[in-house]
Amino acid sequence: MKMSKINWSGYKWQTRERWGDIHPDKAYVWYDPKCVKVDNWGYAHLETHYNPRVFPNIGESKYGVGLLSSVDDFDYGYFEIEAKLPSARNLWPAFWLYAADSWPPEIDIFEGYTNNNNNYLNPKIKTPLGFWDVVPNFHYKENGSNKSTGITRKYWGFRDPSKHFIKYSCLWTSDLIEIKYDGHLIKRITDKGLLKYFTGMKMRVIINNQLKGEPNNGEDQYSDFVVKYFKYEKN
C-alpha cells in the first residue's frame, strides 16, 4: 500500500508507523489511512473500525486504526494537544514522543484505557485522587535493558475525558520533563539520573487510537478520537 501523508496543524504527518502499516506484536490492528480524517474545523479524527486486511507472513489483521506520526523531528520544547478521547470498549488512545533514531526512549504524555462501560473511569485504592485511567509513562534503556517508570498519577479532574475536550501537554528540556492535563500537574521529573536517558536526541510525535487487544471476532468496534490541534513551541 502506498504510504499516506497529510498536512495538519502546520506539520506533515504519516498515517502509519515509521516501520510500516502493522506492528508485528499487535497484529490484530493495522494503521488504516481511512481512519484518519480532518473535518471542516481542522480537527483530526482518529478512528477505529472493523476492516480486515491480509499481510504477508502475518495473516489477517481485522481492525483498522487511526494514527498520526510526525515527519519532522523535534528538539526540546513544549508539546500540546486538545482532545476528546474515543468512547468504546478495549481502547488505548495515546499522545507520545519517541526518539527519532531508536527505541526507547519514549515519553508517553498520556495513555488512556477504557473499561467495559466505554469510558475511562477507574478509581483505585492506590490512586485515590485519580479517577480516570489516563496516565503518563516513560520508557528508557538502562544497562542494555528496557525499563519503564510505570503508571504514575492518573488524571483526577471531574470532567469525563471522553465527553469533554482536555488539554494534554509536556514540557521537555534538559533539566525537566513536566506533564500536565488541563493545567493540573500530573508528573514532573527533575532527577538527573533519569533525565539523562532523554537528553541529546530529537523526538518524533505520535497521536493514535488503538485497541488493547482483539475484540470479539467481527465486532465493529468503531470509535473516534477527536484532536483539535497539535502545538509545539521550541524551548
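**Exercise 1. The open sheet**

How many bridges join β9 to β16, and in which sense do the two strands run?

*Solution.* The model is predicted: local features require pLDDT of at least 70, side-chain atom pairs count only at pLDDT 80 or more, and totals for chains, interfaces and linings use all residues. Residues are numbered from 1 along each chain as its sequence is written, and side-chain values use heavy atoms, with hydrogens and water left out.

Step 1. β9 and β16 run antiparallel and are joined by 6 bridges. Strands here are DSSP runs (E, at least two residues), numbered from the N terminus, and two strands pair if DSSP finds at least two bridges between them. One of the bridges links alanine 94 with its partner in β16, asparagine 208.

Step 2. β16 also pairs with strand β7 (residues 67-70), in the antiparallel sense and over 3 bridges. Here leucine 68 stands opposite isoleucine 207 of β16.

Step 3. These pairs belong to an open sheet of 8 strands with antiparallel pairing, in the order β1-β2-β7-β16-β9-β10-β11-β12. At the edges stand β1 (5-8) and β12 (145-148), each of which pairs on one side only. From one strand to the next, the twist averages 25° (axes are lines fitted to C-alpha atoms, and angles run from 0 to 180 degrees between N-to-C directions).

Step 4. In a regular strand, side chains alternate between the two faces of the sheet. For β16, Met203, Val205 and Ile207 lie on one side and Arg204, Ile206 and Asn208 on the other, and all are buried (under 20% relative accessible area; exposed is over 50%, partly exposed in between, with a 1.4 Å probe and protein chains only). Since 6 of the 6 residues of β16 are buried, the strand is largely enclosed by the rest of the structure.

**Exercise 2. Strand β8 and its two partners**

Determine with which strands β8 pairs, and state what the burial of its residues implies.

*Solution.* 

Step 1. On one pairing, β8 meets strand β13 (residues 166-172) in the antiparallel sense over 7 bridges. Pairing with strand β17 (residues 223-234) is likewise antiparallel, over 8 bridges.

Step 2. Alanine 83 has a bridge partner in each: isoleucine 166 in β13 and valine 227 in β17.

Step 3. Strand β8 (residues 77-84) has 6 of its 8 residues buried, so it is largely enclosed by the rest of the structure.

**Exercise 3. The largest pocket**

Describe the volume of the largest pocket and the composition of its lining.

*Solution.* 

Step 1. The volume is about 380 Å³, taken as the space filled by probe spheres set on grid points joined across faces, edges and corners. A pocket is an open set of points on a 1 Å grid over the protein atoms alone where a 1.4 Å probe fits, with protein on both sides within 12 Å along at least five of seven lines; lining residues have an atom within 4 Å of a point.

Step 2. Of the 19 lining residues, Glu17, His23, Lys26, Trp96 and Glu106 are the closest to the centre.

Step 3. By class, the lining has 9 nonpolar, 4 polar and 6 charged residues (Ala, Val, Leu, Ile, Met, Phe, Trp, Tyr, Cys and Pro count as nonpolar, Asp, Glu, Lys and Arg as charged, the others, Gly among them, as polar).

Step 4. β9 (94-99), β10 (106-112) and β16 (203-208) each supply at least two lining residues.

Key:
Helices (H or I, at least four residues) and strands (E, at least two) are DSSP runs, numbered from the N terminus.
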